[in-house]
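Hello,

Here is the structure we talked about. Please open it and keep it beside this email as you read.

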Amino acid sequence: MTIENSNGARKLSASLAHVHAAGWGKGLSILTRITVMALRHPWQSAAAIGATFIASAFQLMIPQLLGRAVDEAQGITNGGSAAAVAQDALLATALLLLGASILRGLFTMVQNYYSEAVGHHIGYELRLACYEKIQRLSFSFHDGVHSGDLITIVLLDLEGVRMYFSTAFVRLFFLSVLIGIGAYLMISTDLVLGLLALSFVPFVGWRSSVTQLRLRATWLDLQERLQVLTRVMEENLGGIRVVRAFAAQDHEMDKFEAASRNALNLAHQRVGIRVANTSAMTFSFFAAMGLVLWVGGGKVMSGEITVGTLASFLTFMTILQMPVRQLGLMVNAFARASTCGARLFGLLDLEIAVRDDEKAADLTVTEGTLRFNNVSFAYPSAPEQNVLQDVNFEARRGETIGIVGPPGSGKSTLAHLIPRFYDVTGGSITIDGQDIRKIRLKSLRRSVVVVQQDSFLFTTTIENNIAYGDPWAKEQNIARASESAQLHNYVLGLPSAYGTVVGERGVSLSGGQRQRLSIARALMLKPTVMVFDDSTAAIDAGTEQRIRSAMRRYASDRVTIIVAHRLSSLMHADRILFIEGGQIVEQGTHEELLAMGGRYRALYDLQIRPDDDAMSA
Amino acid sequence: MAEELETERADVREDGRRPPRAVVGSHRIEEEIFGKVFDKNIVSRIWAFVDPYKTKVMWAVVAVLIFTAMQLLIPLIIRYAIDHGMQTGGNHSALVYAIGAFLAAISVNFAASYAQETLVGNVAEDVLFDIRKAMFSHLQRVSLSFMDKTEVGRLMSRLQGDVNSMQEFLETSVLSVGDITLLIGIVVVMLYLDFGLGLLTLSALPVLFIVRIFWLPRARKSFMAAHETNSITSGALAEAIHGVRAVQSMNRQPVNFMLFDEKAGANLRTHLTAARYAQVMVPIVDTLTGIAMALVIVVGGARVLGRALDVGVMVAFLFYIQRFFDPIRSLTLQYSVMQRAMASGQRLTDVLDVKVDIKDAPNAKVLPADMDGSVEFRDVVFGYNPKHPVLKNVSFKVNPGETVALVGPTGSGKSSCMSLIHRFYDVQQGQVLVGGHDVRDLTQDSLGRQIAMVLQEPFLFTGSVFENIRYQRTDATREQVIEAAKAVGAHDFIMRLPDGYDSILGQRGGNLSLGQRQLISFARALVADAKILVLDEATANIDSYTEMLIQKALVKLLEGRTGLVIAHRLATIREADRIIVLQNGELVESGNHAELMRNEKLYAKLYNLNYASFDDIPDQLVEEAASTSSRT
Ligand SMILES: Nc1ncnc2c1ncn2[C@@H]1O[C@H](COP(=O)(O)OP(=O)(O)OP(=O)(O)O)[C@@H](O)[C@H]1O
Ligand SMILES: Nc1ncnc2c1ncn2[C@@H]1O[C@H](COP(=O)(O)OP(=O)(O)OP(=O)(O)O)[C@@H](O)[C@H]1O
Ligand SMILES: [Mg+2]
Ligand SMILES: [Mg+2]
């Protein structure tokens, strides 16, 4: 499924470059990594930061101009000069003020827009990177993580990181310039008044940092509790048939209530922390304003400063109020970005357990022989427990291998090793002598197809589901595959035929129809090795026979492995392996195994001979 | 194959056939349409959830009003201080007085803002959880036919995203009350302080409104588009996570990545556009602020010069102007929150309004635990879509204590029969009776407690093995659980798990083999201790030997219970008291194994296919047997 189209290829490599960029900087601190991602958009970042400086400069001009206007209005600056002159001065100040306002607006717009734009670009890149990573992370990773948790990372945590540039990084510049220069201007105008006006800043800074740290801790906690709630809801809805079958609605409501109350309590607590913080911040701001008014008022009376100066101080404070309140938000944004980022980059940094070797080559099929050499395997979650132990067998092109065995004996595991969904922990698997670990995954998986035991169907049309592995397939091919899988006639009987959307995971199909759909999907790929993992269990024997005879046409080109419990599904196989406890305990043809009189024979007797005491076998 | 692909793709491009969508294919665009800003029905529905907290909300509004009043008062105090306390040679006590008033005002302000934010914050959280609970509990009752059609992801986004935007809405609507009063208050105070100057300042307003008239529809469209592409992208991501095993085994990563890139790229573009629209208002508002201030300076300043206006009034005006545009700006923001909330509210009420098709009749009886356990179908006609019946005139009776098997080709309606016994769906014609009562006359709860099912899909919950087996029977003891596990032959492998019965299962039991999952769901049905046991392919993924052991163990456990068994492996059901053969939704034969074999109809054919090697089967028989089944 390569994309040879040159335009597409260019697009693809650009997108992959984004993915690469997002993954850069493993080992560096999270905030550094996000910052570097932002700086990869140099012009936009520069525009955002540059505009920030300019916007704050104009912002700072406004109180001064206002103060000047107040003084001019009182005729203070130009003493006893003529009213006309004073009016001209007022007009000039007014025009300056208008200009400053307009420019402040324009540059604020530029600042906001570009810092958001950088954020959106980062979000886009991270989304691509997550998507790409999730698609490639091996089964062993997905086995160990709940899908809801992954979704939280790619939706919520990604937001936290995306917002970093605009709400934390750029705001840091904005606030330091505004507060810094504002402080300088005020202090240089009047030391005492300036200090008083700024007295609320350290308090608010301290207060908000302390609070934000607490909020951050509770936020993590809350997110965990919400995840539990999400899981309860999601599994309830996904397993709704089980819930109904056991009349377990009350039980489920109890589970929901418990999780919900747990989260709600914490949410209330968070409101408390947040509110105490903001109210105290506002109060300290106004208290400082009161002080300025008092001391400044005295100074005005004693003629030390003018009313205009006082007005400009007060305006300064109003202007500073907003950024100082934002200080808290900013600290929060930093905290959020670093915790969310830790999870997100943690995902992006994960090693992919099963990936291409540097020297990997495409598979070259000559004989079409599959061989298991002393294969042992243990799942990473239980490394000391071998699920497969010293499995040896060989299958040539055109051969069919049957596999039987009790539940949990390792049949599906064996099937999953061939397309390298997991890597063997001992021994090797080869196709025509090439170790599958040395074959490029893409080419391996094109040649080895497993019809999985519980296959996942997509919520889309039947046609799209069949063509899933070959999206550009011709309609005839789709119809042919579906015919071979004995699905065609059924589909044609549906009101919108191949355009019918199958419900989630195929709920609107019967068990056998779902299995036939996944067989048809696999048939589209024309593989060298084809594995049916118990994929006809819900199909009646008659239909299954039809499927098998339709497939006999292709069987000579490939190795077919059939895992089944119904012996009629595999008794015609060239060789049958009986697996128990991860080991091949019997193998041979149907006749040989019957003659051996062992476990296979016991199965056969149970399934075939009506009234025998096969149990004693 | 590669060449074949190449050529195929060329003509494929021409006729424009696109690769299958990699997103949740069913994303429906109309769902994201923004609602009206104010929809009386929705507001009244949502209000029902706020109602229990009415008093708190009232206090919150009071606090907001007080808070706003203080916001208005503070510049007035400053004005007073300037005009009366600071004139050279003015009296000092006026300043002290003003400072005292200021102190009082900010204390009240503190209390009011504290009260308001606490109340609003907590009520919003409460309401959020209440709405979610109402929806969740409603979803426990809606019929399965609705659930079949609706994706879990979609419902989850109702339960989370939409509920959250309602919370946002509640918080902002209280704030909007404050903003609107502040706006009105500022206008009144300005006009009161100086009517002429006030009017002049307000003259900037109409300009703002005109600009907004042009801005609004466009901005709204762009916000809407951003919201929509966002949910498309999220849907695609969720699908990649859920279907990752299929994706990898079908090698779909590159194609999916390309398709996702398109979606994510579109998402980026719409967000940039939306940001542009949101930001363009900033300079406009700032310009208007500038104009208003300039007017106050020129006109007001001239009058101050002419001693016609106190300088304090001018200062107060300048303060008010800066505060004046804040509420306008935040009202603009709140406007889009409102829109979103209305759309969310619509979707929430849609869920709450899903009709519960299957509910207890007004005088529904409780199915007694000592009922006889019989099951009867009388002329049942049923279809998921009433126009296409899946079961046609099916009649049979299962006597108390009997085990009856249902067999038939795939898609013939076996699982559907089982669903009807449990009343997952209602029949269109005829009757289903359990213990002699029409299932529609029984309470669903009591019916459910008397029927234990092993479903064709073994669904397990995240949690320990123990919790899974015991499931809703929270009073079941460990002994009972172990006994059930032993009966189905699951005990041994459970004990081999790291923590035995307390081992935590992965999502959907993913760290077990399918057969093992089936055994656990089988054990779960046994613990439920019901009169009627329904096994839908309960041993399809289990070898015959294990199955035989299970059957032997079950003999004792199931004594006196009624059993309904579906199996494709006919050996499984050979021992059944009676076998019912379904084909195409019709009952074609019934009897015990020997009788049916003598009949030499469908059952006998299927049975023969079941054991013969297919090389031995005459083609004609294959044709025959299959033509009867593949039509389904
Ligand atoms: N939830 C549903 N919504 C719509 N149609 C459905 C639904 N479930 C089943 N069907 C359709 O009803 C018919 C009968 O399905 P049912 O599941 O009863 O078959 P079955 O006999 O159990 O088959 P199998 O042996 O394959 O499990 C099928 O054609 C199927 O597509
Ligand atoms: N993802 C996993 N992580 C850890 N252990 C696993 C995982 N999948 C399977 N196992 C364990 O490995 C063993 C073999 O499982 P496998 O699925 O291969 O059995 P199987 O032979 O296919 O059984 P069945 O007939 O029931 O499908 C079982 O004991 C099972 O519990
Ligand atoms: Mg298996
Ligand atoms: Mg079924």
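Asp379(B) is partly exposed, with a relative accessible area of 45%. That value falls between the cut-offs of 20% for buried and 50% for exposed. Keep in mind that this is a predicted model.

Asp379(B) sits in strand β1 of chain B, which covers residues 375-382. Its backbone is worth a look. Phi of Asp379(B) is near 45°, a positive value, and the residue is not a glycine.

Now go to chain A. Asn374(A) belongs to strand β1 of chain A, residues 370-378. Phi of Asn374(A) is near 45°, again positive in a residue other than glycine. Is Asn374(A) buried, exposed or partly exposed? Asn374(A) is partly exposed, with a relative accessible area of 41%.

**The magnesium site in chain A**

Find ligand 3, a magnesium ion.

Look at where the two residues come from. Ser412(A) is in helix α13, residues 411-417 of chain A. Gln453(A) is in the loop between β6 (448-451) and α15 (462-466) of chain A. The pair therefore ties together parts that are 41 residues apart in sequence.

Ser412(A) has a relative accessible area of 16%, so it counts as buried. Gln453(A) is buried as well, at 14%. The cut-off for buried is under 20%.

**Strand β3 of chain B**

Next, pick out strand β3 of chain B, residues 403-407. Four of its five residues are buried, so the strand is largely enclosed by the rest of the structure.

Which strands does β3(B) pair with? One is strand β10 of chain B, residues 562-566. The two pair in the parallel sense over four bridges. Within this pairing, Thr403(B) has Gly563(B) as its bridge partner.

Another is strand β11 of chain B, residues 578-583. Here, too, four bridges join the strands, and they run parallel. Leu406(B) stands opposite Ile580(B) in this pair.

**Domains of chain A**

The domain assignment gives chain A three parts. Domain 1 is 1-189 + 336-354, domain 2 is 191-304, and domain 3 is 370-454 + 527-608.

How far apart are the C-alpha centres of domain 1 and domain 3 of chain A? They lie 56 Å apart. The contact involves eight residues from domain 1 of chain A and eleven residues from domain 3 of chain A. Between them, these domains bury about 700 Å². Carbon and sulfur atoms account for 61% of that area.

An unreviewed UniProt entry places "domain: ABC transporter" at residues 370-606 of chain A. That span is 32% helix and 24% strand. Its end C-alpha atoms lie 32 Å apart.

**Annotated spans in chain B**

For chain B, an unreviewed UniProt entry carries the annotation "transmembrane region".

Residues 57-82 of chain B are 100% helix and 0% strand, with end C-alpha atoms 38 Å apart. Residues 182-215 of chain B are 94% helix and 0% strand. The end C-alpha atoms of that span lie 24 Å apart.

Best wishes

Key. Residues are numbered from 1 along each chain as its sequence is written. Chains are lettered from A and ligands numbered from 1 in the order in which they are written. This is a predicted model: local features need pLDDT of at least 70, side-chain atom pairs count only at pLDDT 80 or more; totals for chains, interfaces and linings use all residues. Side-chain values use heavy atoms; hydrogens and water are left out. Donors are N, O and S atoms within 2.8 Å of the metal (3.2 Å for Na, K and Ca); water is not among the atoms, so sites may look incomplete. Buried means under 20% relative accessible area, exposed over 50%, partly exposed in between (1.4 Å probe, protein chains only). Two strands pair if DSSP finds at least two bridges between them. UniProt positions are given in the numbering used here, feature names are shortened, and annotations may be inferred rather than shown by experiment. Domain bounds come from an automatic or database domain assignment. Contact means heavy atoms within 4.5 Å. Buried area is the accessible area (1.4 Å probe) that two parts lose on being put together, summed over both.
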